[in-house]
Every structure is written in C-alpha cells, then in structure tokens.
Amino acid sequence: MKTIGLAADHAGFELKEHVKNWLEQKKWPYKDFGTYSTDSCDYPDFAHALATAIEKGECDTGIAICGSGEGISMTLNKHQGIRAALCWMPEIAKMSRLHNNANVLAMPGRYIDTETADKIMTEFFNTEFEGGRHLKRINKIPIK
C-alpha cells in the first residue's frame, strides 16, 4: 500500500482523526495535509496541497473531508490528475472506483458517522477499477 494523503477543514477534522486511526490499525502509511484543529479554516488550502501531492506522485490516493464533502471535492476536481468522488454510502464508494477509477475519496464530515465512514473506506480501497468501456470515458475527463 502506498501513501494515502489526507485533507480536511474544521468541519472534517474529527472524522479525519478517526480516519487516521483506521489507517494506523491497517498499518497503511498516510500523510496529513491538515487541518490540525477544529478552528475555522478554508478547505481549498488543504485540498490543493493534497491534489498537488497526488499529481507529483508523493501520495498514491487520498481521503478528503469537509462539512458536506462538496466544497473539498469541487476544489480537488479542478486539478487535472484528480478524480475525487463524494461518497456518503459504501455503494457509491464502490462504484466510484469500479467505473470512475476515483483516486480521492471525499466524505461529508457532518453527515456520516464513523461506522459508515469505515464501510465507505473499506469499499473504496477494496474495489479495483473495472477498465474496459469505462477507460474510454475516464480518458475524456481531462481538459487538453
């Protein structure tokens, strides 16, 4: 398992701390790009740091969390090498990997509990990209 990058704003901080424990239990390496408290902050600062690290190959994939998951995933998806998927249930996480080859899992920190997050992460990391007809679609995502 390669390094997983983590990013969150103040609304996602507590779930990010849970995610770190989940990763540590699995002995999976991670790099935390912040935030490091529940003090109010701006999610783009942390999303851009995570996305850049993935694009440079410093992290293989990522997990990003803000209150709704929307803002942080929108920011991540501005980067050409990122396919962030907002997932609030395990089935969405599975399909985001299976059909879309998502490389960042975005979660809504204010709307899911830790048990649901665990199930979402399990599906995300245990599902491989199906390829085939989906690869053609993935290749059409970047703006050239």
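Modeller: Let us begin with how elements are assigned: helices are DSSP runs of H or I with at least four residues, strands are runs of E with at least two, and both are numbered from the N terminus. This is a predicted model, and in it Glu130 lies in the loop between helix H5 (114–126) and H6.

Colleague: Which residues is Glu130 in contact with, leaving aside its neighbours within four places in sequence?

Modeller: With those neighbours set aside, Glu130 is in contact with Leu98 and His99. The C-alpha atoms of Glu130 and Met95 are separated by 9.7 Å, although these two residues stand 35 residues apart along the chain.

Colleague: How should I read charge pairing, and how many salt bridges does the count come to?

Modeller: The general idea is that side chains of opposite charge can pair when their charged atoms come close. In this model the count comes to five salt bridges, and Lys16, Glu17, Lys20 and Asp32 are linked in a network of them.

Colleague: Which parts of the chain does the pair of Lys16 and Asp32 link?

Modeller: The side chains of Lys16 and Asp32 meet in a salt bridge of 2.7 Å, N to O. This pair links distant parts of the chain, with Lys16 in helix H1 (residues 13–26) and Asp32 in strand S2 (residues 30–32), 16 residues apart. Both Lys16 and Asp32 are buried. Lys16 also forms a salt bridge with Glu17, where the closest N and O atoms are 3.4 Å apart, and Glu17 in turn meets Lys20 at 3.3 Å, N to O. Glu17 and Lys20 are three residues apart in helix H1, so they are separated by about one helical turn.

Colleague: Where do positive charges gather on the surface?

Modeller: A patch of positive charge on the surface is formed by Arg133, Lys136, Arg137 and Lys140. Of these, Arg133 is found in helix H6 (residues 133–139), and Arg133 counts as exposed because its relative accessible area is 53%.

Technical notes. Residues numbered from 1 in each chain as written. Predicted model: local features only at pLDDT ≥ 70, side-chain atom pairs only at ≥ 80, totals over all residues. Heavy atoms only, no water. Patch = residues over 30% accessible without salt bridge, like charges linked within 9 Å, V, L, I, M, F, W, Y side chains within 5 Å. Areas by Shrake-Rupley, 256 points an atom, 1.4 Å probe, with all protein chains shown as cover. Salt bridge = Lys/Arg side-chain N within 4 Å of Asp/Glu carboxyl O. Lys, Arg positive; Asp, Glu negative; His and termini not counted. Charge placed at Lys NZ, Arg CZ, Asp CG, Glu CD. Buried < 20%, exposed > 50% of the residue type's maximum accessible area, 1.4 Å probe, protein only. Contact = heavy atoms within 4.5 Å.
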